[in-house]
Amino acid sequence: MTKLYVNPKVKKGHLNPELQGHFSEHLGRCIYEGIYVGENSDIPNVNGMRTDVVEALKEIHVPVLRWPGGCFADEYHWKDGIGPREGRKKMINTHWGGVVEDNSFGTHEFMELCRQLGCKTYINGNMGSGTVQEMSEWVEYMTFDGVSPMADLRKANGHEAPWTVDYFGVGNENWGCGGNMRPEFYGDMYRRYQTYVRNYNSGKPIHKIACGANAEDYHWTDKVLETVFDHGFGYMSGMSLHYYTLPTGKWDKKGSALEFDEKDWYRTLKATLKMEQLIRGHGAIMDQYDPKKKIGMIIDEWGTWYDVEPGTNPGFLYQQNTMRDALVAGINLNLFNKHCDRVKMANIAQMVNVLQAVILTEGAKMVKTPTWYVFHMYQHHQDGELMESSVETKEVGLEEDAKVPNLTESVSMSRDGKLHMTITNLSLEENYEVESVFADSRVKAVKGEILTGDRSAHNTFEAPNEVHTEEFAAVSVDGDRIRFTVPACSVLHLEVTPE
Ligand code: AHR
């Protein structure tokens, strides 16, 4: 019997809802078709946003949305996306498929989407090819509530009141598509650009996010922080980290989303678990400059990245989503919870039709992916308190260098005093009997839901309900403990009501 210990008396930290954030880029069919179809579309919509997608996203309580990229942000000039749509500039989306970007989705449309979702806004500014003035004016346009050229322009474009910008990214991947900078140079540029990202509304300050590292580039983290902290400066709310799960670890042959064997399964999960090493490694460097952990680690791009679905535009990054993706999501979200002392936001890449999407669309059809169901179960952690917990594990896997722990977990207490346990079983073969012990607390009631299936089970437009959560009632309660069996290849959520 595997033991899972929970101490409901020891709170380890607050779980920002933003740990379950999302990312939407002008890439492939994420924004256009996936989210925005325009007011004149036959697809039911509200102010151009497709109703089915918005409703599905509201069910998982998207807490924050990052936009407009990604690499797209590094070439985005925001003034192209405001004013009457018929007059907006058309351009080529050079990064993603070379298609025409007509700028019909711009700042006003993004803010309208966030209004419909009821989520916070995370705008990523253009430091790669944009000017300081451009970045400064964008912030003025969005947030200034007085008389000024940009506030007046916003009003002339139909939006009287300023919007709230909760987070602002000062550059994206500036070590790569955002200008191929060296960390010292970026650090200086960050100091300069962020100066003009003004806080016009002292009641709702903009949280500025510096561009952090790609995966294990610890040199970048160290040198950016050294530069930014030089002469006692050091202003930033967060620093990003990008890490994608590649089954093979190779960019030129990443592997298929649907066609994979048991070895690929464990390799993918092993690659996912590297996230913990990265959080610890970058976190240790951040601790040297920021021992009180005031600067959040913002993992604003994470998820699986496979070869694109055969027959689709290689620049659109469209991929299917299976139980393997569900496990990747469950493992990562448990990790973010466990490291909530440093990790303050994480954004899955990407929300619709791109990479590890929670939603796929085809014309008027929409499916919720297995990853959507994981977010649906894990939403109970949002705004909770992380509890002390640990589970006994053993290694599983087929190859010596691709062994993984059989189980991962995290436990939180929500404001109503209920405990939420999320458990992933990484094994493809074994079910585990678990006894969960709650220190000094008797259990009154338990209810649960589970996502399980064959390793490559997925939802299609023809069979949209192949994978979905089901009630999980097989839990016995015995005083201060509960017993249950976690099936192989599953993600489980238990809600425990203490006496
Ligand atoms: O999410 C796809 C791309 O991955 C983003 O545009 C970029 O920031 C990253 O390299």
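The sulfur of C30 lies 12 Å from the closest cysteine sulfur, that of C114, which is too far for a bond. A disulfide is taken here as a pair of cysteine sulfur atoms within 2.5 Å. C30 counts as buried, at 0% relative accessibility. Buried means under 20% relative accessible area, exposed means over 50%, and partly exposed lies in between (1.4 Å probe, protein chains only). C114 takes part in no disulfide either; its nearest cysteine sulfur, in C119, is 3.7 Å away. C114 is buried as well, at 3% relative accessibility.

The model is predicted: local features need pLDDT of at least 70, side-chain atom pairs count only at pLDDT 80 or more, and totals for chains, interfaces and linings use all residues. Residues are numbered from 1 along each chain as its sequence is written, and side-chain values use heavy atoms, with hydrogens and water left out.

A search of the whole structure returns 1 disulfide. The bond joins C71 to C177, with an S to S distance of 2.2 Å. In general terms, a disulfide is a covalent bond between the sulfur atoms of two cysteines. The torsion about the S-S bond of C71 and C177 is about -85°, so this disulfide is left-handed. C71 sits in the loop between β5 (64–67) and β6 (91–93), and C177 in the loop between β9 (167–170) and α5 (183–195), so the pair ties together parts 106 residues apart in sequence. Helices (H or I, at least four residues) and strands (E, at least two) are DSSP runs, numbered from the N terminus.

The ligand is surrounded by 13 residues, and the closest are E25, C71, E173, Y244 and E301. The shell divides into 7 nonpolar, 3 polar and 3 charged residues. In this scheme Ala, Val, Leu, Ile, Met, Phe, Trp, Tyr, Cys and Pro count as nonpolar, Asp, Glu, Lys and Arg as charged, and the others, Gly among them, as polar.

A polar side-chain atom of E25 is 2.7 Å from a ligand oxygen atom. For N172, an N or O atom of the side chain is 3.5 Å from an oxygen atom of the ligand. E173 places a polar side-chain atom 2.8 Å from a ligand oxygen atom. Taken alone, the ligand exposes 290 Å², and the protein buries 93% of that. Accessible areas come from the Shrake-Rupley method with a 1.4 Å probe; for residues, only the protein chains shown count as cover.

Side chains of opposite charge can pair when their charged atoms come close. A salt bridge is defined as a side-chain nitrogen of Lys or Arg within 4 Å of a carboxyl oxygen of Asp or Glu. The structure holds 35 salt bridges. E301 pairs with R66 at 2.9 Å, N to O. E301 lies in strand β12 (residues 296–304) and R66 in strand β5, so the pair ties together parts 235 residues apart in sequence. Both E301 and R66 are buried.

Helix α2 contributes to two further pairs. The side chains of E109 and R85 meet at 2.9 Å, N to O. E109 lies in helix α2 (residues 107–117) and R85 in the loop between β5 and β6, so parts 24 residues apart in sequence are tied together. E109 is buried, with a relative accessible area of 5%. R85 is partly exposed, at 30%. R115 and E112 also form a salt bridge (2.9 Å, N to O). These residues, R115 and E112, are 3 apart in helix α2 and are separated by about one helical turn. R115 is exposed, with a relative accessible area of 54%, but E112 is buried, at 15%. Elsewhere, K3, E435, D478, D480, R481 and R483 are linked in a network of salt bridges.

Methods: A residue is near a molecule or strand if one of its heavy atoms lies within 4 Å of it. A polar contact is a pair of N or O atoms within 3.5 Å; within protein, one must be able to donate a hydrogen and the other to accept it, and residues adjacent in sequence count only if both atoms are side-chain atoms.
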